[in-house]
Amino acid sequence: MNQEAWKKVEAAIASSKDLTIKDMFAADPARAQKYTLKAAGWMLDYSKNRIDSSVMKSLIKLAEASNLKAEIEKMFTGKKINATENRAVLHTALRNMDPKARVNVDGKNVMPQIRKVLADMGEFATSVRTGKHRGFTGKKIKYIVNIGIGGSDLGPAMATIALAPFSKRSIKSFFVSNIDSTHLAEVLREVRADQTLFIVASKTFTTLETMTNAQSARAWLIEKLGDKKAVAKHFVAVSTNADEVSAFGIDVKNMFGFWDWVGGRYSLPSAIGLSHMISIGPNNFKRLLKGYWKMDKHFRTASLGRNMPVLLALLGILYSNGYGAESYAVLPYEQYLSRFPAYLQQLDMESNGKAVTKDGEKVTYATGPIEWGEPGTNGQHAFYQLIHQGTRLIPCDFIGFCKTHNPIADHHDKLMANLFAQTEALAFGKTAEQCRAEGDPENLIPFKTFEGNRPTNTLLADALTPETLGALIALYEHKIFVQGVIWNIYSFDQWGVQLGKVLAKNVLDDLVAKKAKKLKHDSSTNALITHYRKVLGRDA
């Protein structure tokens with residue numbers, strides 16, 4: 001992080017630290033208008049933050065000092081900004097809707113490949129939705145089971161729930177990710193073999209969790225239908241390993257590829273989204289891509305001071321690095337977005353959970369905040385107490401929609417009233433004088449006052465649609481990228497997930513060995529393995 005620019009941010013914070021959000025609103029009747037921005041179908045009200053013009057100007061200067069505009073262009077134009085893996089980062093190319101667009105990787109335009117895969121996905125999705133593609137016994141496909149993990153699961157699972165109003169209701173979607181056999185077993189209890197299509201999502205077709213689940217699903221299908229030939233009708237692959245796909249029994253014509261410049265947590269617009277496309281249809285999937293593209297264009301072209309992803313990123317840095325906030329909450333007031341916070345957990349924490357700079361030096365400042373959240377109003381009856389009156393500062397993003405897909409009585413008005421009221425309460429609190437005026441006894445006043453001055457952003461769209469969902473995902477993708485640039489860390493690798501995987505293979509060998517052998521782990525791990533084997537009777 002540029003320390004000279006950051007010192008100016010700290011100076012701006014110090015000059016306004018005695019002013020509360022309440023004070024700032026009282027001093028400026030036009031504050032809400034000044035700190036509201038619209039882009040790609042979304043409105044961002046960031047007026048309920050601990051900011052004034054001096055703080056915002058210093059934050060923008062920090063972004064400029066980080067050479068942010070140039071870094072944005074590097075990403076969009078296919079430069080290999082994922083330097084530790086020597087890869088370009090081109091998830092934005094997946095949703096580029098410009099028919100004349102050229103995006104080069106190693107001198108080759110990748111847009112024709114992207115369009116071909118998208119067309120192939122659309123053709124296959126349509127064949128499933130219309131009943132042209134049928135199971136081994138001739139029955140229509142009624143159940144889709146996506147088998148993946150991480151980005152191969154969280155993206156399509158989140159989006160399929162989010163866009164359920166646009167789905168083909170006669171086709172039910174399931175997602176299996178956990179290697180815990182319960183996850184697969186419970187899904188298999190819900191489906192019929194002769195009407196189920198399994199989508200195995202693994203680029204290498206060797207991912208431990210995914211392939212373990214896929215092999216077990218394959219065995220189940222063969223047992224139920226009595227013929228290995230059934231696999232070709234009931235399994236397709238999202239992969240690039242044709243040999244392994246074919247050996248599994250999948251027709252390579254039903255293999256949909258993607259590229260090493262697509263990170264797993266950014267892969268929903270790629271072939272990883274096939275299960276989602278089958279659910280909502282190719283046309284709605286293209287609407288999703290269009291929403292991504294609108295936010296991409298805004299991010300790439302808007303000035304830093306009027307750039308929605310940049311502003312969210314800078315506000316996050318303000319609280320993380322300026323105020324010591326360790327986490328932030330994402331609170332969608334929309335049940336269809338119930339999995340959105342979980343999706344963002346991977347997107348943010350896998351991207352920026354880094355402790356070394358791009359130069360390989362230890363960072364001297366906080367990076368990678370903890371992201372968490374639940375849908376409103378459920379969260380209000382769970383953890384809002386800590387946000388309102390606890391000792392930790394937790395900035396919050398509230399997400400809502402003016403229209404509902406399910407108008408029942410006055411439910412939606414009450415939902416949105418709660419959203420707006422929460423941001424008001426967090427910002428302005430409740431004073432002891434207000435408590436006294438309401439007749440509260442003096443001994444209870446310390447417990448019933450609210451400090452306020454708790455920062456929030458409010459994101460509003462007219463309705464949850466494929467376009468607004470795509471734009472919302474892109475908004476957070478780019479926010480996280482901006483923070484990585486300013487922190488001078490690599491946001492597109494994830495070496496931290498590897499060590500546990502490697503060690504697990506060694507532990508597995510010890511767990512399943514026919515005879516006990518001398519264990520070579522630490523004393524704790526050795527004891528755990530010994531206890532496990534004893535319970536299962538493996539050393540009797």
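I started with two helices: the axes of H14 (residues 282-301) and H21 (residues 466-487) come within 7 Å and cross at roughly 40 degrees. Axes here are lines fitted to C-alpha atoms over the stretch in contact, with angles from 0 to 180 degrees between N-to-C directions. Helices (H or I, at least four residues) and strands (E, at least two) are DSSP runs, numbered from the N terminus. H14 and H21 are therefore oblique to each other, as angles under 35 degrees count as roughly parallel, over 145 as roughly antiparallel, 65 to 115 as roughly perpendicular and the rest as oblique. I noted the crossing of H14 and H21 as right-handed (the near helix is turned clockwise from the far one by less than a right angle).

I noted that this is a predicted model, where local features need pLDDT of at least 70, side-chain atom pairs count only at pLDDT 80 or more, and totals for chains, interfaces and linings use all residues. Residues are numbered from 1 along each chain as its sequence is written, and side-chain values use heavy atoms, without hydrogens and water.

Next, the sheet. I found an open sheet of six strands with mixed pairing, in the order E1-E2-E13-E12-E10-E11. Two strands pair if DSSP finds at least two bridges between them. Strands E1 (36-39) and E11 (370-372) are the edges, each pairing on one side only. On average, neighbouring strands of this sheet are turned by 15 degrees against each other, direction ignored.

Last, I checked E1 and E2 (residues 42-45): they run antiparallel, joined by four bridges. Ala39 has Trp42 in E2 as its bridge partner.
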